[in-house]
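User: I would like a close look at one strand and its surroundings, in plain terms. Please go through it step by step.

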Amino acid sequence: MSIPIYQVDSFTGKPFKGNPAGVCVLEEPGETQWMQNMAKEMNLSETAFLYKLKDSYNLRWFTPKVEVEMCGHATLASAHILWSEKYESENSELRFHSLSGILKAKMLDGWIELDFPQRPQEQVEAPPGLLEALGVKAIYVGKNKFDFFVEVSSANEVRALSPDFRMLREFNVRGVIVTAKSDLPEYDFVSRFFAPGAGIDEDPVTGSAHCCLAPYWSQKIGKKEMVAYQASERGGVVKVRLTGDRVYLMGKSVTIFKGELTI
């Protein structure tokens, strides 16, 4: 039996930018260890596995090392594949059953919009070694269910970050978000995301991190709709919009290759 698999660059309209994700479309639920092995074989920050239910899809995400509870860019990639490969009509709203509850996707003027839960942070004292591992002085430190959250004083500091990943790996969190107000007029804020404990030293563009970034910057600058840039080497643009306890993430995607698993 052959299984279709795709690689998609998410949160970008250009090949080889944004964040690459694997998308594996199954006819039935996959065995967990097999999916973990496949994610390790793909060697991308996340690979999504989905199969059709009656009027929705089951969706799971794996890094090369662990299953994760929330992933934006691989959900964006999954929606892109379901539409571009004609599994579903582009006019349809997609529903995904995931570890983060029901997630939705729809197409709006060439952009994919994802409906995700907010994951706000609360201010905390920086744990010993965190700022030293990042090599920064923080003006704010917070933490949510998944990640530490660090604001620094300038976008240039975010771009120049060169963390000690060995030290970051010692913290018992999914990752660390570092952010600052943008110095470019087309963006409201910039960020980078580091998750060596989950097997990803730096994630190029992290949709789920914006479930934390969006409410923080909304409160700070007084806007419900913003445009963000994740300043990794590959880079990517995420539009965000807040409504109630939900955050809407908008991005583009490009298919890089498609093939078939022969196992």
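User: Which residue of strand 13 is the bridge partner of A180? Please describe the rest of strand 13 as well.

Analyst: The partner of A180 is V190, in strand 13. This is a predicted model, and what follows is computed from it.

Strand 13 covers residues 189-195, and seven of its seven residues are buried. F189, S191, F193 and A195 point one way from the strand, while V190, R192 and F194 point the other way. In a regular strand, side chains alternate between the two faces of the sheet. Both sets in strand 13 are buried. Each of these residues counts as buried because its relative accessible area is under 20%.

Next come the pairings. Strand 12, residues 175-181, runs antiparallel to strand 13, and six bridges join the two. The pair A180 and V190 belongs to this part of the description. Strand 15, residues 225-230, runs parallel to strand 13 and is joined to it by three bridges. Here S191 stands opposite Q230 of strand 15.

Strand 13 also pairs with strand 14, residues 200-203, in the antiparallel sense, over two bridges. A195 has I200 in strand 14 as its bridge partner. Strands 13 and 14 form a hairpin with four residues between the strands. In this hairpin G199 takes a positive phi near 90 degrees.

In soluble globular proteins, nonpolar side chains tend to be buried together. The largest nonpolar core in this model has 52 residues, and L50, W61, F96, A105, F116, V247 and L249 touch the most other members. Helix 2, residues 72-84, gives the most to this core, with seven residues. Another core, of 18 residues, lies apart from the largest one; among its members are L134, V152, V176 and A180.

Last, the cysteines. The count of disulfides is zero. C71 is in no disulfide, and the nearest cysteine sulfur, that of C211, is 10 Å away. C71 counts as buried, at 2% relative accessibility. C212 is also buried, with a relative accessible area of 2%. The closest cysteine sulfur to that of C212 is in C211, and because the gap is 8.8 Å, it is too far for a bond.

Definitions and conventions:
Residues numbered from 1 in each chain as written. Predicted model: local features only at pLDDT ≥ 70, side-chain atom pairs only at ≥ 80, totals over all residues. Heavy atoms only, no water. Buried < 20%, exposed > 50% of the residue type's maximum accessible area, 1.4 Å probe, protein only. Pairing = 2+ DSSP bridges. Disulfide = S-S within 2.5 Å. Core = buried A, V, L, I, M, F, W, Y, C linked by side-chain atoms within 4.5 Å.
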